[in-house]
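Visitor: Before we look at particular residues, could you take me through the terms and then show how each one is applied here?

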Amino acid sequence: MAENIQVVLRFRPLHEAENSIGLEIIDRSVIISDKNTTHEFTYDYVFTEKSRQDTVYDQVAISAVESVCNGYNSTIFAYGCSGTGKTYTMFGQENDLGVIPRACETIFRNMNKDLLTWSIKFSFIEIYNENIRDLLNHRNSDLAIRKCEKGIYIQGLTEKLVYGAEDILHSISEGSKQRTVSSTQVNSVSSRSHALLTITITQTSIDESEIVSKLNLVDLAGSENVGRSEVHGIALAEAQNINKSLSALGNVINALTEVGREHIPYRDSKLTYILQDSLGGNSKTVIIATASPNTYVLSETLSTMKFAKRAKEIKNAPKVNKNESYTNLLKTISMLDKKINILEHKLSDSENLNNGVSQEVMKTMIERWEMKINCLDRELECERIRNKNLLELFEKQRELCINISRQLMNR
């Protein structure tokens, strides 16, 4: 069932010596007066500069995160110009957690312990100057995007198996140190790359059906007015690549909202290529647009709000990512069993009537279906053995991690 992307707007607090633009917030709408022009925008939520991190998470993000535990793909990303609080919203600070650390805690808190098996792994990358870099292994850079039957993947990317929220948070802390940042006139710690954290959950239920779902958490680099940021040399090239990538994102959103448009330019940037399922595909998607109330960046604020308004028109079609192979095998075997029973009754009746031709035809059909059932039974047994081996491996790794943690604590 199609549903609109959820889009929210969040204003950061004014800094000293900044002047506030003339804005009015009424429920879910924002009205901005610019000289003789009035701009009005409506979103799913509007958060003022006084909004707390837990309020933003509980009202717009937690639902998407919980959906991943139930088998859906979800994406949450922050968009806005440089210095408007995207990284703060997504990562937060030590005592003021953002979306990402809260999401990690939610996932492990909501995992269904009644499942036959479940495992969680994650990856962490940055896209810097259109170069994909692995933040869990700094030796992996310039990684390539590949496509297979199951969708898009990044070749050679490190995916780390984790057993608790603290495992992910520790790796995020270490990986973030590798992320490219620098100082500009508009932001003292400006992210010069897009950061993408992907958490993959694999669940096997009692009926042996498998569900694989993904949560993408994205901290986009900020769009930048190079005249105001006063960047030069390498920083200028970085800003130009960031703006080009974000323009490609805008072009994808424009294409998705144009009636009758067939070609969507996902491949114009690595960001949109990786996130194509999140935009117009199989995902529950939340966009947190961050903006500044400062009059000095009014044009950038209006640009962000127009982007968010357009994105709100995108419709996705999320579905539970259930691998029906086990369930379908069991249904097929049950169906063949029923057909064999029917044929056996008919064969018995045919023998009473002494109809030789019908008997031979039915015997042949019964033999073929019995052979098919035997093949399906062998296939099911192979899947059961595979799941048993995976469960044993998972438990061994869990026990190893617990023992290592205890040894480190006792030092």
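Guide: Let us begin with axes, which are lines fitted to C-alpha atoms, for helices over the stretch in contact, with angles running from 0 to 180 degrees between N-to-C directions. This is a predicted model, in which local features need pLDDT of at least 70 and side-chain atom pairs count only at pLDDT 80 or more, while totals for chains, interfaces and linings use all residues. Residues are numbered from 1 along each chain as its sequence is written, and side-chain values use heavy atoms, with hydrogens and water left out.

Visitor: What makes α1 oblique to α3?

Guide: Helix α1 and helix α3 (residues 99–110) pack at an angle of about 45 degrees, with their axes 9 Å apart. Angles under 35 degrees count as roughly parallel, over 145 as roughly antiparallel, 65 to 115 as roughly perpendicular, and the rest as oblique; α1 is therefore oblique to α3. The crossing of α1 and α3 is right-handed, a term used if the near helix is turned clockwise from the far one by less than a right angle, anticlockwise being left-handed.

Visitor: Which residues of α1 and α3 make the contact?

Guide: From α1 come Gln53, Asp54, Tyr57, Ala61, Ile62, Val65, Glu66 and Cys69, and from α3 come Val99, Arg102, Ala103, Thr106, Ile107 and Asn110, where contact means heavy atoms within 4.5 Å. The residues of this contact of α1 with α3 divide into 8 nonpolar, 3 polar and 3 charged; Ala, Val, Leu, Ile, Met, Phe, Trp, Tyr, Cys and Pro count as nonpolar, Asp, Glu, Lys and Arg as charged, and the others, Gly among them, as polar.

Visitor: Where does helix α1 bend?

Guide: Helix α1 (residues 53–69) bends by about 55 degrees at Ala61, the bend at a residue being the angle between axes fitted to the seven residues ending there and the seven starting there. Just after α1, Gly71 takes a positive phi of about 105 degrees.

Visitor: Why is Gln53 called buried?

Guide: Buried means under 20% relative accessible area, exposed over 50%, and partly exposed in between (1.4 Å probe, protein chains only). Gln53 has 4% relative accessibility and therefore counts as buried. Gln53 lies in helix α1 and, not counting residues up to four places away in sequence, touches residues including Arg10, Tyr88, Asp96 and Arg102. Other buried residues of α1 include Val56, Val60, Ala64 and Val68, and of the 411 residues of the protein chain, 46% count as buried.

Visitor: Why does Arg267 count as exposed?

Guide: Arg267 has 61% relative accessibility, so it counts as exposed. Arg267 is found in the loop between α6 (233–256) and α7 (270–274), where helices (H or I, at least four residues) and strands (E, at least two) are DSSP runs numbered from the N terminus. Leaving aside residues up to four places away in sequence, Arg267 touches Lys147 and Tyr273.

Visitor: Are Ala17 and Asp142 buried or exposed?

Guide: Ala17, in the loop between β2 (6–11) and β3 (22–26), has a relative accessible area of 84% and is therefore exposed. Asp142, in the loop between β11 (131–134) and β12 (145–148), has 53% and so is exposed. Ala17 has a positive phi of about 75 degrees although it is not a glycine, and Asp142, again not a glycine, has a positive phi of about 55 degrees.
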